[in-house]
Amino acid sequence: QRAEWDKLKNEETVTADGKHVELAANIGTPKDLDGVNNNGAEAVGLYRTEFLYMDSNEFPTEEDQFQAYKAVLEGMGDRPVVVRTMDIGGDKELPYLDLPKEMNPFLGYRAIRICLAEPDMFRTQLRALLRASAYGTLRIMFPMIATLKEFREAKAMLMEEKEKLVNEGVEVSEDLQIGIMIEIPAAAVLADKFAKEVDFFSIGTNDLIQYTMAADRMNQQVSYLYQPYNPSILRLVKNVIDAAHHEGKWAGMCGEMAGDQTAVPLLLGLGLDEFSMSASSILKTRSLMKRLSTKDMAELADKAINECDTADEVVALVEEYTK
Ligand code: PEP
Ligand code: MG
C-alpha cells in the first residue's frame, strides 16, 4: 500500500469524477516541512504558531518570528501557507504569561481573546507575519473567533500594522488572504455574515465538536459524546461551507476530522475545498479521494444530514456508499 501511495506524491488530488481538492498539512514548526514535502502536501493549511511561544522562556521577538515564518514560506515555494495567530490558553500554557487560574479554561481566556487584550504582543506577531508575506503565499487566520466584532478588531490591527510597514518602506504582499477558524458554534451558525467579510474559513473540528457537544476533548469519561459524525456537526459544517461558497470564498478544515477516512467522503460530498491534516495522512487520503465521485458523495452527505438520526447511522451509511 505504501508503494501505491508513494506514487501519488507528486500528483494533484483529483476525485474519480475530476474535481480538484487541496490536500494540505498541519505543522507546528519550520522543521515539519520535511514531512510536508515527503508526503506531497499541496499547501500548509495550519501552521500552529503557539509552539514558537511555548518553546521559549520569553515572548519571541518580532525578528525570531519573522525568521520562522519566512522559513516556512520560502520552504513552500509557490504553495500557500495558512498561518494561525497565537492560540495560547485552553490546555496550552505559557510559563512567562501569567494566565489566571480558571474554572473552565477551554471557555475562558484563550487565543484571539488574549491577543485582543494584549495588543502589543499581538501586533508584534502581525508585523512579523506581514514582513514574511513578501516571501511566499501567506494566508493569515485568527483562531477562536466568536463574534464579528472580534474579527473586525483583529483585522483592523493587521491593516494598521500593514500600513505602518508600507510607510516604512517594507515590502508586504498585496494578495494576502485573511480568514478565521470556525471552532465556536456561534460562528458556524452565523457563517453567512462572516462570509461577507473574511477571505476564507478553516473549520477547527477539534474544538467545534467539543463546544457543540459540550464534551471536553481531553476528558475520557465523556469521550463517547465526542462525535464527528453526529448529524448536528455535519449540519454546522454544511452551513459553513455553503455560506463561504455563496460569497465566492473557500472553506477548508484543519481539525483531525479532515484526515479521518470515514469523514472524508462526507466532507467531499459537502463541497469542502481544502483538507488540512497531519502530513502522514495525506497520501492515503489522496488515494481514497481518487476512488470517490463527488456526485455520489453529495448524495451520501445529503442522506446523512437529512435522514440519519445518529452518528452510528451516519457511519453505517458511509460504509454502504464506499464499500
Ligand atoms: C481545532 O480546534 O480543530 C484546531 C485545528 O485547533 P487546535 O487543535 O490547535 O485547537
Ligand atoms: Mg482549536
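Two residues are in contact, or touch, if their C-beta atoms, placed from the backbone, lie within 7 Å. The legends below use this term. The structure is a predicted model, in which local features need pLDDT of at least 70 and side-chain atom pairs count only at pLDDT 80 or more, while totals for chains, interfaces and linings use all residues. Residues are numbered from 1 along each chain as its sequence is written, and chains are lettered from A and ligands numbered from 1 in the order in which they are written.

**View 1. A263 in helix α12.** Helices (H or I, at least four residues) and strands (E, at least two) are DSSP runs, numbered from the N terminus. A263 lies in helix α12, residues 263–270. Leaving out residues up to four places away in sequence, A263 touches P228, Y229 and M257. A residue is buried if 20 or more other C-beta atoms lie within 10 Å of its own, exposed if 12 or fewer, and partly exposed in between, with C-beta atoms placed from the backbone. A263 counts as buried because it has 26 C-beta neighbours inside 10 Å. From C-alpha to C-alpha, A263 and E183 are 17 Å apart in space, and they are 80 residues apart in sequence.

**View 2. The shell around ligand 1.** A residue belongs to this view if it is near the ligand, that is, if its C-beta atom, placed from the backbone, lies within 6 Å of it. The residues around ligand 1 are L46, R48, D87, E183, G204, T205, N206, D207, C254 and G255. Which helix gives the most to the shell around ligand 1? That helix is α10, with 3 residues. Both β2 (43–48) and α10 (205–213) supply at least two residues of the shell. By class, the shell has 2 nonpolar, 4 polar and 4 charged residues. Here Ala, Val, Leu, Ile, Met, Phe, Trp, Tyr, Cys and Pro count as nonpolar, Asp, Glu, Lys and Arg as charged, and the others, Gly among them, as polar.

View 3. An unreviewed UniProt entry places the feature "binding site" at E183 and D207. Although spread over 25 residues of sequence, they cluster in space, with a largest C-alpha distance of 5.3 Å. UniProt positions are given in the numbering used here, feature names are shortened, and annotations may be inferred rather than shown by experiment. E183 lies in the loop between β5 and α8 (185–189), whereas D207 is in helix α10. E183 is buried, with 26 C-beta neighbours inside 10 Å, and D207 is buried, with 23 other C-beta atoms within 10 Å. Apart from neighbours within four places in sequence, E183 is in contact with P143, M144, G204, D207 and L208.

View 4. N206 is found in helix α10, and R217 lies in the loop between α10 and α11 (231–246). Is N206 buried or partly exposed? N206 is partly exposed, because it has 15 C-beta neighbours inside 10 Å. R217 is also partly exposed, with 19 other C-beta atoms within 10 Å. Not counting residues up to four places away in sequence, N206 touches R217, G255 and E256, while R217 touches N206, Q210 and Y226.

**View 5. Helix α7.** Helix α7 (residues 148–167) has 20 residues and reaches 28 Å from its first C-alpha to its last, close to the 28 Å expected at 1.5 Å a residue. The expected span is 1.5 Å times one less than the number of residues. The buried residues of α7 are E150, F151, A154, L158 and E161. Seen down the axis of α7, they fall within an arc of 100 degrees, so they line one face of the helix; the arc is that of the directions from the helix axis to the C-beta atoms. An α-helix has 3.6 residues a turn, so residues three or four places apart point the same way. What covers the buried residues of α7 includes α5 (112–117), α6 (119–132), β4 (138–142), β5 (177–182) and α9 (191–195). On the other side of α7, K149, R152, A156, E163 and N167 are exposed.

View 6. Most residues other than glycine have a negative phi. M144 is not a glycine, yet has a positive phi of about 55 degrees. M144 is found in the loop between β4 and α7 and is buried, with 25 other C-beta atoms within 10 Å. A214, also not a glycine, has a positive phi of about 50 degrees. A214 is found in the loop between α10 and α11 and counts as exposed, with 9 C-beta neighbours inside 10 Å.
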